[in-house]
Amino acid sequence: MLLKTAFGVGLVLALGFGAQDAVAHAKKETTQPADGIVLDASPPTIGMTFDKPMRVTLVSLTDADGRTFELSRTDNMQPVSEFSAAPPRLPMGRYLIKWRGLAADGHPMQGGFSFEISK
Ligand SMILES: [Cu+2]
């Protein structure tokens, strides 16, 4: 009984902190292209939308072989709700975007998404 109670309190605390944290810091809402989408042409824009401004400190675009493609960004490393960057014209293949950022509350954030270009 004591063990069960302790577990219950721990769970409530964990959920409580989790919910508070989720409210406090920015999170990724949508991506461009959409995660997992198959495109028939090179996308003009690579981007992420956040619910609150995020300072994107690092963003990389790599193909299935680990080759990195340069992204042309315009945010000047300032916090933005909509991050976007222009990739070069990409050949057919699978691509992975990885990003790291600093939320307005100071929490380091990271994420990734992928898409495919096929014909
Ligand atoms: Cu946070």
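A residue is called buried when its relative accessible area is under 20%, exposed when that area is over 50%, and partly exposed in between, with a 1.4 Å probe and protein chains only. By this scale E116 is partly exposed, because its relative accessible area is 22%. The structure is a predicted model, in which local features need pLDDT of at least 70 and side-chain atom pairs count only at pLDDT 80 or more, while totals for chains, interfaces and linings use all residues. Residues are numbered from 1 along each chain as its sequence is written, and side-chain values use heavy atoms, with hydrogens and water left out.

The protein contains 1 helix and 8 strands, which follow one another along the sequence in the pattern α-β-β-β-β-β-β-β-β; here helices (H or I, at least four residues) and strands (E, at least two) are DSSP runs, numbered from the N terminus. Of the 119 residues in the protein, 28% are buried. The accessible surface, computed by the Shrake-Rupley method with a 1.4 Å probe and, for residues, with only the protein chains shown counting as cover, comes to about 7,700 Å², and carbon and sulfur atoms contribute 60% of this surface.

Strand β3, residues 46-63, pairs with β6 in the antiparallel sense over 5 bridges, and M48 stands opposite F83 of β6. Strands β5 and β6 also run antiparallel and are joined by 2 bridges, with A85 in β6 as the bridge partner of R73. The hairpin of β5 and β6 has 6 residues between the strands, and within this hairpin N76 takes a positive phi near 55 degrees.

The loop between β5 (72-73) and β6 (80-86) also holds D75, which counts as buried because its relative accessible area is 9%. Residues up to four places away in sequence aside, D75 touches V56, V80 and F83. The side chain of D75 also meets that of R73 in a salt bridge (2.7 Å, N to O), a term that denotes a side-chain nitrogen of Lys or Arg within 4 Å of a carboxyl oxygen of Asp or Glu. R73 counts as partly exposed because its relative accessibility is 25%. Side chains of opposite charge can pair when their charged atoms come close.

In the whole structure, 2 salt bridges are found, and R94 and E116 also form such a pair through their side chains (3.6 Å, N to O). This pair links distant parts of the chain, since R94 belongs to strand β7 (residues 93-103) and E116 to strand β8 (residues 108-117), 22 residues apart. R94 is exposed, because its relative accessibility is 54%.

Neighbours within four places in sequence aside, F83 is in contact with I46, G47, M48, F50, V56, V59, R73 and D75. In soluble globular proteins, nonpolar side chains tend to be buried together.

How values were computed. Contact means heavy atoms within 4.5 Å. Two strands pair if DSSP finds at least two bridges between them.
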